Amino acid sequence: MRRKPDIILPIEESILNAAIDLRLRGVPAFHGFLMATQMKGGMRARLLTAYGTLYKALIRMEKAGLLVSRWEDPSAAARENRPRRRLYEVTSVGEAAWRDIRLARPQPFPKLVTEPSAP
Amino acid sequence: MSEYIPMLLVGVATLAIGAVARAFALPIVTALVRFWVWLHTLGLRPEIRERIRDEVASDLWEQENEARSEGTRYSPDAIALHILLRLILGMPGDAFWRLGYVTIDYGLLAAVAALTAFGMPAVYGAGLVGNSNTEHFVVSQSAWALVAAAALFFLVRTRYRGLRPWSPMLMLAALIVLAAVLVPGIGVNHAGVARWIALGRLGPVQPTSFAGLAFVIYLSAWLSGRHRSIKSFSDGFVPLCLITGLLCGLVMAQPDMSMTLVIGLTATVLLLKAGGRRIHALSLAAVFCLPITIALAGTVSRHTVPSQAFAYPATDAFGARSDVNGIIWWSHTGGLASVFGSAAPWVATAVLVALYTFLVYRGVRISLSAPDNFGALMAIGITAWIAFQAALSIVGAPAPFASYSGSGLYSLLPATGVLLSISREASRRRRAPVRSL
């Protein structure tokens, strides 16, 4: 899918949400598989985001300046005997876009929890 | 009892296949994912391919590792199924993304392929007239098309700017070969027309087609380097007339009036595109094209070209025959009229005209999007050459790509390769942000 300027696609919004959520939990950079699990609520999800959908969205977002990416230190991958990871981080542009989406979209009110009335 | 044995064997085989598939499901699916990544990134720059390949490899490893760490909850075939679904569901995304990286004009390539293929039945039909070996023409044409297509794909992969330093040499070679055609003993003369050079077993070669391509390359390089002097009479117009005149003179001496006209008109278009004065372009057209146009118009008005030309049986190895008015027709190498003179001429001609129109449209688009003057001029020059030759095919010029002509295919298909190379370069420029990946 070709990305139109100034339009955030639903998959991109999900990525931004998940990335900000990870950052708030002290994980500033994420790799593809971590994002796939984060977007679907962990490995217990029935189906993770497809490779073609996820990685092409990440590439589009990087081109749009919403994310930046780099390869991790090769020694880290070698130590754990696994393939190297591409690490992504949300940029200030991405953060602003995420904030704009949050402001533009009315957030649902928190459910009012009513105390059961005393008999 | 024996009738149950085949069923038993089928059952055992099914179970064995199932067991093997389950045991190897994960490596098979992983290999499928890797193959798909390789396939859909084919032709992209190494850094992009490497990035996608390594990211997906990392994802595969992480998923497998994560699932295994979860214990027995995920069996290998469940993971394999999950990976397979992720692969299949992502394929449209990959395909759309890959289409965004299409770097050459596939529309143009398809039109050229269609024109070449479209000419084959007509070439075969022409072979049926007065020849014992009816397949000869179509077999030769197919072999030439294959070799010329290889040249096309080679040129698509090379940078067209590399042709610029070679342009004077190409032009010089074209002039020498065209002059050689007129030398008795070197050139081959048939029915009073000297257009070929005999190359032994390879057969006669018509150098005018190669000269056309060399001329377009040379003139594009020359004009793109002139800048303001192109508007000057002495520094721009006169040298251009001399170059064009020299080539036109040699082609006219064969005589090949329609190709002389094509060269003259192509030079006019190139001059206009390069920013030359309109009065100079008009003068160029008047000097080189007007007399020939009047002469050709006269011949057309005197003849009912279509079916007559096709109906004439070939009289020699070249299939040439003079009619009562001294006009020479070739049943298989001739223009649209002779190629599609009999079977459904209007339908065939309408299809050909549509294909040529589309080709010209794409050529003009490539010229407009070319990254530099040299590319823009070459693109419009090649397009004009094909367009004018196609237009003149109604008066007997070989129909580009469709007529039986090895020399035509050997020059026009590489010329298309140059056009596609320009479109590839233009596409790269448009997608400059890709470099950041």
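1. Salt bridges between chain A and chain B of this predicted model number 5, a salt bridge being a side-chain nitrogen of Lys or Arg within 4 Å of a carboxyl oxygen of Asp or Glu. One of them joins Asp94(B) to Lys56(A), with 2.7 Å between the closest N and O atoms.

2. On the side of chain A that touches chain B, the elements giving two or more residues are helix 2 (32–39), helix 3 (51–63), strand 1 (67–71) and strand 2 (86–90). Helices (H or I, at least four residues) and strands (E, at least two) are DSSP runs, numbered from the N terminus. Helix 3 of chain A gives the largest share, 9 residues.

3. The contact (heavy atoms within 4.5 Å) involves 33 residues from chain A and 36 residues from chain B. The buried area is about 3,000 Å², with 61% from carbon and sulfur atoms; this is the accessible area (1.4 Å probe) that the two parts lose on being put together, summed over both.

4. Helix 9 of chain B (residues 257–273) has 17 residues and spans 24 Å from first to last C-alpha, close to the 24 Å expected at 1.5 Å a residue, where the expected span is 1.5 Å times one less than the number of residues. Because 12 of its 17 residues are buried, helix 9 of chain B is largely enclosed by the rest of the structure; buried means under 20% relative accessible area (1.4 Å probe, protein chains only). Among the buried residues are Met259(B), Ile263(B) and Leu270(B). Just after this helix, Gly275(B) adopts a positive phi of about 95°.

5. Residues are numbered from 1 along each chain as its sequence is written, and chains are lettered from A in the order in which they are written. Local features need pLDDT of at least 70, side-chain atom pairs count only at pLDDT 80 or more, and totals for chains, interfaces and linings use all residues, while side-chain values use heavy atoms, with hydrogens and water left out.

Technical notes:
Buried < 20%, exposed > 50% of the residue type's maximum accessible area, 1.4 Å probe, protein only.
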